[in-house]
Amino acid sequence: MIIAESVDNSDAASITTLVTKTPEKMPRFFAGLTYTSLFFSVFPFAFALINVLTTRLYSIPTIIAYVVTTPFHVGALLIIWQHKRQIDMQLPFNPTTWRNMIHIAFLICVWLFSAITSAMGARQFMEKKLCWDDAREMVVTCDRHNYTRTATTFLSSALLSVFEVLLLTTILLICYRSRPRKDVQVDIPLSRTSSPKAISV
């Protein structure tokens, strides 16, 4: 009499291939560039808030640029926090997706427009030297102190907006170069699976 004894491993025996995905890694320098972008974007936003009373036309684009960039910074910081603690939160934000890279390209255009408008505001202000008088509630000729302050904030906003464009462009390039490869198919040798054993009695 022969008793057939087998290990219950039918699922493993039936599988011949296993498809595995390349683990997603944080793009190199992504964290540092994101923190730098967040830090430097605050300053042109603050300068725009100061200059908005002088001229809204050349200040509002910078305010809008900061506002539309905030969701990107928040999503990127959450991803960085997740990777540091190795927590799988399944966040919808992924730095290397086409959707995110298109969004970064849009932010580059917005900050570029902010830099142009800030530079135009600085030029127009230097030519006309007009400031807003809170007491009179009207536009008047600037004194030396207000002229220096407004000119400095406009020029600083333009230069920092250009720097933000360079940062976002760098982030876009490293995200593109860090895109994950396609799925890799790995064969599982059949010899590793359990086979029925026969025991003679």
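The structure is a predicted model, in which local features need pLDDT of at least 70, side-chain atom pairs count only at pLDDT 80 or more, and totals for chains, interfaces and linings use all residues. Residues are numbered from 1 along each chain as its sequence is written, and side-chain values use heavy atoms, with hydrogens and water left out. The chain holds five helices and six strands, these being DSSP runs numbered from the N terminus (helices H or I, at least four residues; strands E, at least two).

**Overall fold**
- From the N terminus on, the order of elements is β-α-β-α-α-α-β-β-α-β-β.
- Of the 201 residues in the chain, 32% are buried; buried means under 20% relative accessible area, exposed over 50%, and partly exposed in between (1.4 Å probe, protein chains only).
- Among contacts (heavy atoms within 4.5 Å) between residues at least 6 apart in sequence, 78% join residues at least 24 apart.

**Nonpolar core**
- The largest nonpolar core has 24 residues, and those with the most contacts inside it are Phe 30, Phe 72, Ile 104, Leu 168 and Ile 171.
- Such a core is a set of buried Ala, Val, Leu, Ile, Met, Phe, Trp, Tyr and Cys residues joined through side-chain atoms within 4.5 Å.
- Two or more residues of this core come from each of helix H2 (30-51), helix H3 (60-85), helix H4 (98-128) and helix H5 (144-177), and H3 gives the most, with seven residues.
- Leaving aside residues up to four places away in sequence, Ile 171 touches Phe 30, Leu 33, Thr 34, Phe 72 and Ile 104.

**Helix H3**
- Ile 79 lies in helix H3 and counts as buried because its relative accessible area is 6%.
- Ile 79 and Pro 95 are 16 residues apart in sequence, and their C-alpha atoms are 8.5 Å apart in space.

**Annotated segments**
- An unreviewed UniProt entry lists residues 29-52, 58-81, 102-122 and 154-176 as "transmembrane region"; such annotations may be inferred rather than shown by experiment.
- Residues 102-122 are 100% helix and 0% strand, with end C-alpha atoms 30 Å apart.
- Residues 154-176 are likewise 100% helix and 0% strand, and their end C-alpha atoms lie 33 Å apart.

**Surface**
- The chain exposes about 13,600 Å², of which carbon and sulfur atoms supply 62%; accessible areas come from the Shrake-Rupley method with a 1.4 Å probe.
- Val 42 belongs to helix H2 and counts as partly exposed because its relative accessibility is 36%.
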